[in-house]
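Me: I would like to go through this structure with you. Could we begin with the terms and then turn to the contacts?

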Amino acid sequence: MKQNRKRLSKPAGWILFICALGLFCVQIGYLFVNAKYQAEYIDDRLFYIINIACALCLALAIWFLLEINKAVKLVTLCVIILFIVSSGGLLVKSNQEVNHITSLSPDWKHVLSIKENVESGDAIYYRSYYGILARPKERLHNQIDGEVKVEWLANDIAVLTYKTENQTVQQFIATYGDRGGGLAYYYVGAEIHGRWQSDDIEVESNTEGITVTENGTTDSFQWDDIVQFGTLAVVLMKNNEAAWTLSLNEDFDVHSAANTAPTGTISLYKATLEKNKPYTLTYRLHNEGIDHMKWMWQKLV
């Protein structure tokens with residue numbers, strides 16, 4: 001039994017040592033990239049977690065590999081444990097200074113990262129570019145106060161719903177894709193001109209704005225009250241408060257030809273902190289001839 005343990009301890013020790021060395025190189029690389037390109041971890045806590053993981057791997061590697069007396073091993077391990085404890089303390093302190101809102105997309109390709117400075121209340125959206133690294137992209141217009149909710153409407157559309165210090169509900173949308181091949185900027189409202197419907201809700205986009213009909217009640221939103229995020233979604237505002245998010249689903253196809261009706265579906269998501277799911281709507285033609293001509297005219301103007 002002892003011989004088997006010794007035989008296994010060496011490979012395990014070397015594997016752990018290589019892991020520790022790899023994590024150390026990751027940290028050195030991060031410090032270089034951070035200084036030169038102002039890139040940060042998508043979550044600041046990762047820096048301390050990687051430090052702790054590196055120290056643990058090193059401690060176990062020393063235990064398995066070095067043929068030294070127990071006293072020296074004990075001193076070495078105590079030093080490493082002290083480093084782990086201090087890193088844990090810094091992790092707790094960092095968490096008290098910065099509130100992290102982090103969410104991974106359903107396909108694991110994108111990360112929503114928002115860092116809120118607890119003291120100033122400033123919340124900054126970070127765009128991930130290099131896997132676990134991100135750069136600051138924009139500041140949220142309103143300060144977050146209390147509860148937040150994140151919903152992915154598609155693999156490349158994340159909606160943050162939150163309350164502000166004025167107790168109004170707001171929505172911020174992070175987008176990571178495009179429905180037009182990335183060749184040109186386009187307006188979501190123009191692309192969804194026409195009538196869209198699901199079983200219990202209807203949306204209509206026309207030259208005056210967008211209307212939403214839910215359970216027989218219609219809300220109208222003029223274009224000045226519609227805020228676009230990227231090229232995938234808009235937020236419909238009412239009395240300076242978010243009411244709905246409209247987004248283009250992954251099956252939506254942006255057409256360059258004005259005489260082509262929309263294909264694919266869109267999502268409508270209510271701005272509420274209560275648990276809810278988005279509606280999926282499809283394009284609808286009432287009277288095929290009249291409605292199609294009307295759609296063409298709206299697209300042209």
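Reply: Buried means under 20% relative accessible area, exposed means over 50%, and partly exposed lies in between (1.4 Å probe, protein chains only). Helices (H or I, at least four residues) and strands (E, at least two) are DSSP runs, numbered from the N terminus. This is a predicted model, in which local features need pLDDT of at least 70 and side-chain atom pairs count only at pLDDT 80 or more, while totals for chains, interfaces and linings use all residues. Residues are numbered from 1 along each chain as its sequence is written, and side-chain values use heavy atoms, with hydrogens and water left out.

Me: Which residues are buried in H2?
Reply: The buried residues of H2 are Tyr48, Ile50, Asn51, Ile52, Cys54, Ala55, Cys57, Ala59, Ala61, Ile62 and Leu65.

Me: What span should helix H2 have?
Reply: Helix H2 covers residues 45-65, and its 21 residues at 1.5 Å a residue should span 30 Å. The expected span is 1.5 Å times one less than the number of residues. The end C-alpha atoms of H2 are 30 Å apart, which agrees.

Me: On to aromatics. How many aromatic pairs does the structure hold?
Reply: It holds 10 aromatic pairs. Rings of Phe, Tyr and Trp (its six-membered ring) pair if their centres lie within 6.5 Å; planes under 30 degrees apart count as stacked, over 60 as edge-to-face and the rest as tilted. One of the pairs is Phe47 with Tyr48, edge-to-face at 5.4 Å centre to centre with 90° between the planes.

Me: Why does the pair of Trp196 and Tyr283 count as edge-to-face?
Reply: The ring centres of Trp196 and Tyr283 are 5.3 Å apart and the planes stand at 70°, so the pair is edge-to-face. This pair links distant parts of the chain, with Trp196 in strand E9 (residues 194-197) and Tyr283 in strand E17 (residues 279-284), 87 residues apart. Trp196 and Tyr283 are both buried.

Me: And salt bridges: which residue does Glu40 form one with?
Reply: Glu40 forms a salt bridge with Lys115, the closest N and O atoms being 2.9 Å apart. The term requires a side-chain nitrogen of Lys or Arg within 4 Å of a carboxyl oxygen of Asp or Glu. Glu40 lies in strand E1 (residues 40-41) and Lys115 in strand E3 (residues 111-117), so the bridge ties together parts 75 residues apart in sequence.

Me: What else does Lys115 contact?
Reply: Asp44 also forms a salt bridge with Lys115, at 2.7 Å between the closest N and O atoms. Asp44 sits in the loop between E1 and H2, 71 residues from Lys115. Lys115 is buried because its relative accessible area is 6%, whereas Asp44 is partly exposed at 21%.
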